[in-house]
Amino acid sequence: MISQAKTDQTDRDISTVTDRIEIRDVYKIFGRRKEEALALVREGKGKSEILERTQAVVGVNNVSLSVPKGSISVIMGLSGSGKSTLARCVNRILEPDAGQILLDGEDYTKCSDARMREIRRRRISMVFQNFGLLPNQTVIDNVAFGLKLRKVPLAERHKKAGEMLETVGLSEWASHLPGELSGGMRQRVGLARALATEADVLIMDEAFSALDPLIRTEMQDELLRLQNTLHKTVLFITHDFQEALRLGTKIAVMADGAVIRDGTPQEIVIDPGHDYVAAFTRNVDRARLFDAASVMSESPADAQGGRFVLNDAGEVAGWQDPVTGAVSEGFLAVRPETTLIEIAGAAARRRGPIAVVDAEGKFRGRISDEALLAGIAGAKETMKGSRTDA
Ligand SMILES: Nc1ncnc2c1ncn2[C@@H]1O[C@H](COP(=O)(O)OP(=O)(O)OP(=O)(O)O)[C@@H](O)[C@H]1O
Ligand SMILES: [Mg+2]
């Protein structure tokens, strides 16, 4: 049995959770001749044509997206595609020119300033690329800053900030100044500050993009680890597709202000649907992205007449040879979430039929050698497209 190596987003089922944030038909135009530009964009005119005719820049073009509760939803796209503009609309640093944005069903694009302040302090918190730390304040005061704005008493906010520093592994640095910390450590402080507010929605705009590759990977792991216990709803913005794949429960790809592809990482890799998206997915390591569930057949029998024999409890008792009829225990058992690379490694060490069994030991499917290879090579027809349908 191959143990479950992945403990991150693969075991979350996004189909059963509700949306925390819902973006509906949102437009954002920059420039004086907004109404004119909005009319043109609604007619389907392109960003460059509109710029030429009205000098207005289309920031966000008719975006509808849901951010499921407890997910890490990624917005990915090249520079200038509108990611930050959309994030700023969600935080209402920018006002959308049209459309609605809902938090737990409440459209807050037209709420009062008082209500918006309340939402910013208690519900939606932002983590920036440049950390946004106050240089003359100690690490702990930086982490406690949001609580100070909420007029939480000093002792209480330091207690909470201390807990968050411990969560991100920086307890010993509480009384230092941000300037004494490395970039990765400062990003942790920024994360701790966002977590300390107890906001349940985090918007992270290129939060890790300024970090060295190694530290960046470390921060990604840290976020996944925290997410396993805290279950925040995260809107994560990046121009890095690998980062999107690593973190995203789902990914929306933006170009010229619009979302041109939206789905789970696996769905997008199997079917990019667009040349712009395909350019990102081409070099993806499928063997690490896809799992047993995505290539298995639910039938216990293969085309040659061999089959897995199940007991009354639905567990695999053995493999029946098509020629001799003998039942043997010489088979490989893997979990639905085991990655193709792990299966290939195990299959190379030990030949034989491959059964997929769940945590209770019940038979879930069978993987042929052909299906395993096709999955790794990325043959579209053989793939199911999602880990979550396991
Ligand atoms: N304040 C502004 N005034 C005018 N145009 C703006 C403003 N902010 C953004 N834009 C334009 O809106 C478009 C989207 O910009 P945005 O900053 O959202 O892109 P982005 O995807 O976040 O890019 P990056 O990866 O470089 O951060 C761009 O064409 C940009 O020029
Ligand atoms: Mg940006």
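Axes here are lines fitted to C-alpha atoms, for helices over the stretch in contact, and angles run from 0 to 180 degrees between N-to-C directions. Helices are DSSP runs (H or I, at least four residues), numbered from the N terminus. This is a predicted model, where local features need pLDDT of at least 70, side-chain atom pairs count only at pLDDT 80 or more, and totals for chains, interfaces and linings use all residues. Residues are numbered from 1 along each chain as its sequence is written, chains are lettered from A and ligands numbered from 1 in the order in which they are written, and side-chain values use heavy atoms, without hydrogens and water.

**View 1. Helix 15 packs against helix 16.** Let's start with residues 340-349 (helix 15) and residues 369-377 (helix 16), whose axes are 10 Å apart at an angle of about 140°. That makes helix 15 oblique to helix 16 (angles under 35 degrees count as roughly parallel, over 145 as roughly antiparallel, 65 to 115 as roughly perpendicular and the rest as oblique). Leu340, Ile343 and Ala344 of helix 15 touch Leu372, Gly375 and Ile376 of helix 16 (contact means heavy atoms within 4.5 Å).

**View 2. Helix 1 packs against helix 2.** Here residues 34-42 (helix 1) and residues 47-54 (helix 2) pack at about 150°, again with a given axis spacing, 10 Å. That makes helix 1 roughly antiparallel to helix 2. Glu36, Ala37, Leu40 and Val41 in helix 1 meet Ile50, Arg53 and Thr54 in helix 2.

**View 3. Serine 79 and threonine 85 reach ligand 1 with their side chains.** A polar side-chain atom of serine 79 lies 2.5 Å from an oxygen atom of ligand 1. For threonine 85, a side-chain N or O atom is 2.5 Å from a ligand 1 oxygen.

Technical notes. Helix = DSSP H or I, 4+ residues; strand = E, 2+ residues; numbered from the N terminus. Polar contact = N/O pair within 3.5 Å; in protein donor to acceptor, adjacent residues only side chain to side chain.
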